Amino acid sequence: MSRKILVADDEPNIVISLEYLLKREGYTVLVARDGQEALDAIARDRPDLVLLDVMMPKKSGFEVCQAVRADEALQATKILMLTAKGRETDLAKGLALGADAYMTKPFSTRELAQKVADMLAAQP
Amino acid sequence: MKAPERRLVLALAAAGLALAAWTGLSLALVWAGLAPDERQALGADGPRLAWLGWLAAGWAAAVAGLGWGLQRLFGRYVGAPARLQEEVRVLLAASAPQPLAPHGSAELRGLAGAINELADQRDRLRQDMARQVEQASRGVQQEKNRLAALMAELTQSVVVCNLDGRILLYNSRARLQFRALSQAPALADGAELMGIGRSIYAVFDRQLVAHALESMQQRLRRGAGRPSAQFVTTTRAGQLIRVQMAPVRDLDAGEAGAGISGFVLMLDNVTQNFQEESLRDQLLHGLTEGSRSSLANMQAAADMLGYADLEPEMHERFLGVVREEVAAMSGRITELVQRSTQGLKTRWPLEEMLGADFMTAAQRQIESHCRRAVTVEGLDAGLWLKVESFTLLQVLTYLAGRLVDEFEVKFLQLRLQRAGQRAQLDLIWSGQAMSTETVMVWEMDPMRFGSQSTPLTVRDVVERHGGEMWFERDRVRHRAFFRFLLPLASEQEQLEAAQIMQNDSRPEYYDFDLFQAGEQASELDDRLLSSLSFTVFDTETTGLNPSEGDQIIQIGATRIVNGRLLRQESFEQLVNPGRLISPASIPIHGITQEMVAGQPGIEAVLPAFHAFAQDSVLVAHNAAFDMKFLQLQEAATGVAFHQPVLDTLLLSAVVHPNQESHRLEAIAERFNITVLGRHTALGDALVTAEVLLRLLPLLQAQGIHTLRQAREAAQATYYARIQY
């Protein structure tokens with residue numbers, strides 16, 4: 001069974017590429033366009049990994065991350081934060097709030113695919 | 001001849017009686033020792049009478065002689081010293097006395113001489129002292145004036161307060177800044193906040209100031225050399241103020257060292273800086289995060305486009321993403337450039353200057369330096385530049401100089417116009433044009449003036465102004481010109497600069513005597529009249545019957561603090577009465593329907609006036625009339641005036657009960673007060689204030705010292721019993 005990945009980002013221009021890339025890599029891809037949609041999708045569809053943008057309407061990526069980590073049932077969900085914020089303080093906050101990894105935009109899609117594969121492989 | 005001294009008469013009578021008694025006794029003794037026949041012989045009628053007559057005459061002569069001798073002695077040893085004593089008393093009391101005339105005995109003359117010398121010595125000492133006191137006080141006054149003058153010219157806002165937060169001194173810059181803090185700037189002009197004797201806590205939170213004071217005191221106790229405190233605060237009007245606080249030390253406080261008698265506040269309105277920084281942040285943010293996202297989107301799309309097996313439909317969609325993001329980034333950069341050139345000012349300190357002033361200066365300097373006629377054309381008179389005038393003048397003079405020296409230009413012309421958000425300054429000449437290369441060299445060469453040179457180039461100066469400069473040809477009119485684009489002062493800056501220029505008279509912006517004045521716990525009623533702050537006001541109205549709907553159409557007011565009239569801190573506002581002004585009243589106050597048409601209503605003006613009058617005693621001439629109008633507005637405006645009220649009409653009646661008229665004109669005439677602008681509210685308020693200032697010492701002479709006494713005396717006058 002293919003692994004399930006949720007792409008949570010409000011910018012259609014990045015979603016289209018990520019969706020295409022991940023499908024090509026053989027994953028099942030879900031899409032959420034804001035923080036609330038992302039939380040709902042995580043609770044409903046239980047993806048293995050979430051590509052989480054920080055700057056989103058309704059709920060920010062930080063809030064989504066915190067909510068997921070607070071929910072026992074969703075503990076296993078891997079979170080990879082994607083953000084245009086390049087400051088060290090943002091990175092520290094993301095990791096502190098429970099993100100498993102953090103990538104700063106712009107990034108190479110090959111690295112992203114590699115990272116996703118590594119994170120899913122590390123899962124028991 | 002004066003009546004004989006009583007003591008002298010008594011002494012003489014006693015002596016006469018003693019003599020008579022002695023004579024009588026002698027006679028009795030002689031009589032007792034005589035033989036009977038001898039008594040017989042003596043007792044014969046004839047000789048006995050003669051003998052007794054001689055005896056009485058002898059007695060009278062002796063008494064008279066004694067009287068004369070006693071009087072002489074008395075005059076010499078009692079009368080003369082007594083006179084001398086009186087004269088010495090005069091000498092003691094008088095300020096510039098006649099010297100004593102020496103008379104009487106040698107001892108007395110000597111005494112008088114010695115007293116004269118003492119008096120001389122005393123007078124010399126007195127004069128000396130007076131001279132020294134005068135000198136010292138002149139020195140102190142001079143120092144005060146110098147300090148006040150210095151403060152007035154400072155470009156930083158300075159406010160000095162005593163420990164109670166009462167303002168003792170402020171400069172015009174502070175006045176302007178407080179104007180920006182005022183919630184009713186158009187009405188009270190900030191004078192309700194900034195004024196001598198007003199509380200600084202009307203602007204800044206008391207706790208905040210107290211905290212800063214405390215930390216300053218702590219530092220002082222620890223022996224810090226320059227104990228000062230800083231805070232940033234938001235005012236009620238939403239302005240951001242950075243405040244630096246320094247102590248005014250109390251030199252009398254002794255060893256403790258932590259004695260502070262007041263504090264100095266230096267204020268910076270950082271609202272604009274803050275806004276500029278926010279804008280800068282925004283732009284930076286737009287550049288970084290915005291671009292990062294776009295770049296990420298493009299890179300991802302480009303990566304996808306790299307797959308050889310991409311379906312044509314997807315290929316088109318990824319290309320679309322790239323095109324869209326490129327367009328978005330271009331747009332963002334265009335906007336960034338526009339906003340940064342508009343909004344971000346150059347960091348070089350520039351000053352606001354009226355364009356016309358700058359042009360006049362440039363004309364004069366070029367004419368004197370190049371010895372050529374310079375004309376000014378197309379001058380926009382209302383233009384305010386934001387420039388560094390010295391170097392900019394250097395640039396114009398330098399360019400004009402090279403034109404004259406190298407191209408033999410005969411006539412020069414200057415032109416200043418507005419061009420959008422900037423000013424356009426042209427240096428025009430007719431005749432030969434030059435190559436672009438020459439212009440470039442002129443622009444980049446360090447400027448030279450005869451033998452003098454500066455390290456600055458034209459380009460440097462233009463860049464300092466965040467401006468631009470180029471060379472243009474007007475082929476039709478055979479002219480060429482250098483054009484400079486220069487920044488304009490913002491509207492706020494223009495306003496401030498214009499107001500600073502209008503401050504022609506030396507304002508009464510300080511009163512150091514308030515340092516001594518502590519906050520008095522006692523109620524206003526028990527305070528000395530001389531220690532009170534007064535708001536002297538007058539209203540103009542549509543008519544004389546407030547109860548029949550007549551309304552206020554103008555309020556004017558001024559302040560008296562510590563016995564000084566503060567003309568600069570006045571209040572004047574027309575009020576739209578919302579009804580017709582009765583034609584009969586127009587000739588009196590000169591206010592027409594058109595004049596009040598665009599003015600605020602009483603509901604806006606009264607709160608501003610209330611703020612202006614806070615913490616003071618209200619004073620008006622025939623105050624009952626004006627108070628009636630104010631009271632009738634209480635319900636509509638929610639503003640009530642609970643201050644005590646004094647009426648100059650009644651006070652005048654207290655001081656001059658026998659005068660026929662207590663009309664304002666009559667009183668002003670009595671006191672010889674020059675009346676300017678009567679029957680404007682402010683004009684009348686100023687006259688009333690002058691009247692009050694002259695009434696106060698007269699009241700004091702009648703033993704009326706406190707506000708309570710003044711009010712009671714006023715109530716007791718005949719006029720107070722008349723119903724208005």
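**Entry 1: a pair of strands in chain B**

How many bridges join strand E18 (residues 617-620) of chain B to E19(B), and do they run parallel or antiparallel? I counted three bridges, and the two strands run parallel. In E19(B), Val645(B) is the bridge partner of Leu618(B). For my own reference, two strands pair if DSSP finds at least two bridges between them. Helices (H or I, at least four residues) and strands (E, at least two) are DSSP runs, numbered from the N terminus.

**Entry 2: what I'm looking at**

This is a predicted model, in which local features need pLDDT of at least 70 and side-chain atom pairs count only at pLDDT 80 or more, while totals for chains, interfaces and linings use all residues. Residues are numbered from 1 along each chain as its sequence is written, and chains are lettered from A and ligands numbered from 1 in the order in which they are written.

I checked the confidence next. Chain B averages a pLDDT (the predictor's confidence in each residue, from 0 to 100) of 81, and 88% of its residues score at least 70. For the complex, the predictor gives an ipTM of 0.82 and a pTM of 0.54.

**Entry 3: the sheet around E18(B)**

I went back to see which sheet my strand pair sits in. Five strands of chain B form an open sheet with mixed pairing, in the order E17-E16-E15-E18-E19. Strand E17 (564-574) and strand E19 (645-647) of chain B are at the edges with a single partner strand each, so one side of each has no neighbour in the sheet. Axes are lines fitted to C-alpha atoms, for helices over the stretch in contact, and angles run from 0 to 180 degrees between N-to-C directions.

Which helix lies across E18 and E19 of chain B? Helix H20 (residues 648-655) of chain B does, running at about 55 degrees to E19(B). Contact here means that the C-beta atoms of two residues, placed from the backbone, lie within 7 Å. Helix H22 (residues 681-701) of chain B packs on the sheet too, touching strand E15 (534-541), strand E16 (552-561), E17 and E18 of chain B. The direction of H22(B) makes about 30 degrees with that of E16(B).

**Entry 4: chain B overall**

Among contacts in chain B between residues at least 6 apart in sequence, 66% join residues at least 24 apart.

**Entry 5: where the chains meet**

I counted 18 residues of chain B in contact with 16 residues of chain A. On the chain B side, helix H8 (271-305) and helix H9 (312-343) are the elements that give two or more residues. H8(B) gives the most, with 12 residues.

**Entry 6: the sheet in chain A**

Chain A has an open sheet of five strands in the order E2-E1-E3-E4-E5, with parallel pairing. Its edge strands are strand E2 (28-32) and strand E5 (101-104), each pairing on one side only.

Is E3(A) enclosed or open? Five of its five residues are buried, so E3(A) is largely enclosed by the rest of the structure. Leu49(A), Leu51(A) and Asp53(A) are buried on one side, and Val50(A) and Leu52(A) on the other. Four bridges join E1(A) to E3(A) in parallel, and Ala8(A) stands opposite Leu52(A). E3(A) and E4(A) also pair in the parallel sense, over five bridges, with Asp53(A) opposite Leu82(A).

**Entry 7: helices on that sheet**

Helix H3 (residues 61-70) of chain A lies across strand E1 (4-8), strand E3 (49-53) and E4 of chain A, at about 150 degrees to E3(A). In helix H2 (residues 35-45) of chain A, the buried residues include Leu39(A) and Ile42(A). The buried residues of H2(A) pack against E1, E2, E3 and H3 of chain A.

Technical notes
Buried ≥ 20, exposed ≤ 12 C-beta atoms within 10 Å, placed from the backbone.
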